[in-house]
Amino acid sequence: MTENHTALYGEHQKAGASFTDFGGWQMPLKYSSELAEHHAVRNAAGLFDLSHMGEVWVTGPDAAAFLDYALAGKLSAVAVGKAKYSLICNVDGGIIDDLISYRLADEKFLVVPNAGNAVTVAGLLAERAAGFDVVVEDASAATSLIAVQGPNAVAILLTLVPAEQHALVTEMKYYAASEVTINGQDLLLARTGYTGEDGFEIYVPNADAAGLWQVLLENGADQGLIPAGLACRDSLRLEAGMPLYGNELAVTGHAYSAGLGPVVSLAKESDFVGKAALAAIKETGDGVTSGRRLVGLKGLGRRAARGHYPVLKDGATIGEVTSGQPSPTLGYPVAMAYVDVAFSEVGTALDVDLRGKAEPFEVVALPFYKRQK
Amino acid sequence: MSKVAAELKYSVEHEWIAQDGSGPTTIGVSAVAADALGDIVYVDLPEVGSTVTAGETCGEIESTKSVSDLFSPVTGTVTEVNTAAIDDPAVVNSDPYGAGWLFKVEVESFGPLLSAEEYAAANGGEL
């Protein structure tokens, strides 16, 4: 597999990062301690390089109608300046990727797929665009993405934004986006993230990424901002109950068992790829009244469940863990797992087979962690 | 801190043992292993009085990211475990060759061990 490097690779090397392959990219796993980075995001702020994510522009008179067809959500209902979480499905209703789309003008959307799926999604969007008056442009290779996440994110951003635009930042709603002058440059700023904290994501051309990264670290130092790697990104998103494609979501699974039924707009008038299959799945109740569904598990002991470990009820396998680790914020093991719906009620006592020994877990509501607002 | 302590011997499974001549031998995990594991949050150690066998698992070390078996580099009887490391496993990351030691064994026989030089060479580390 080709190992891609983001425009910030040199910055990560300078900061002493250890690297990991993620979706074909060499990404910083951690800079010092992933626990310290996790706590920094919860209590102050962390700086993430997310440049491995894809950026696909969809523009033209049919942009909204096209995304209504290509994605499971109703993108035409999204107001300009807002973002929407959605799924791109195959005709069988299988999840090809989960993604965020920003509507930046009536006829202009930015679609952000996951790193490992970016090429596939860009290709599928181009393919599905046949017959629509739209232009699909994959800008992934030219675009960097930097996230500032944590309670101090607003204060840090404001140091780089001219006073007359401060209200744009402070009053920006969650899942909204706007062009903002940051460090003297007009950039797309979104109040989104994958950590369960307040925070922003900044889209920046590759050539300007290192400069922005450096100035953010400098200006954020007083606010406790430190660079944060993918290890803590995973523990943060798990605490926040957010699915990770490849763990909780897969082409062999579907939205209903993943608890993402509300993301699928069967009510939208137009057809979309996967609509008939998803309507049929919903009819059967798979993932809701039968089959397996995604739940949160809390460990009652100290040992953590990990991906692919069997979930047991009275010794019989009734599910499988998709993600799990000790929660740094909560201090006990947390996991997500697909379990038979009969054992998916909150409060159900289950076991997880931890390398041959059954350890007690309990079904709990997601998310595990919710920030105080 | 150097990743490989010169005065110790090592197993291929990344445990170190102190060769202090007399009495029980102290065992821990190397800084190489502690770094690779990430922040350690849980250690499961053999019980005092139990018998451990060289090359066999006798516990586990869990980090935020992963979990790894703990192998005994020696055969013998466990005389003491580091309860401070059980209470605060972060000490295994911060001081793996000192306060982060794991258990002590009255040794009957040693498994195959590497010198510090050999271990460092095998792990791209420096003394």
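Q: Over which ring does the charged end of Lys104(B) sit?

A: This is a predicted model. A charge counts as sitting over a ring when it is within 6 Å of the ring centre and within 35 degrees of the ring normal. Here, the charged end of Lys104(B) sits over the ring of Trp101(B), at 4.9 Å from its centre. In chain A, Lys298(A) lies over the face of Tyr332(A), 4.5 Å from the ring centre.

Q: How many aromatic pairs are there over all chains?

A: The count comes to eight. One of them joins Tyr69(A) and Phe132(A), a tilted pair with 5.6 Å centre to centre and 35 degrees between the planes. Tyr69(A) belongs to helix H3 and Phe132(A) to the loop between helix H4 and strand E8 of chain A, so the pair ties together parts 63 residues apart in sequence.

Q: What kind of pair do Tyr10(B) and Tyr97(B) form?

A: Planes over 60 degrees apart count as edge-to-face. Tyr10(B) and Tyr97(B) form such an edge-to-face pair, with 90 degrees between the planes and 6.4 Å centre to centre. Tyr10(B) is buried, at 0% relative accessibility, and Tyr97(B) is buried at 15%.

Q: Which residues have the most contacts inside the largest nonpolar core?

A: They are Leu157(A), Ile182(A), Leu189(A), Leu212(A) and Leu216(A), in a core of 30 residues. Among the elements of chain A that each supply at least two residues of this core are helix H5, strand E11 and helix H7. Leu189(A) touches, among others, Leu157(A), Ile182(A) and Phe200(A).

Note on methods: Residues numbered from 1 in each chain as written. Chains lettered and ligands numbered in written order. Predicted model: local features only at pLDDT ≥ 70, side-chain atom pairs only at ≥ 80, totals over all residues. Heavy atoms only, no water. Core = buried A, V, L, I, M, F, W, Y, C linked by side-chain atoms within 4.5 Å. Buried < 20%, exposed > 50% of the residue type's maximum accessible area, 1.4 Å probe, protein only. Helix = DSSP H or I, 4+ residues; strand = E, 2+ residues; numbered from the N terminus. Contact = heavy atoms within 4.5 Å. Phe/Tyr/Trp six-rings, centres within 6.5 Å; stacked < 30°, edge-to-face > 60°. Lists of a residue's contacts leave out its neighbours within four places in sequence.
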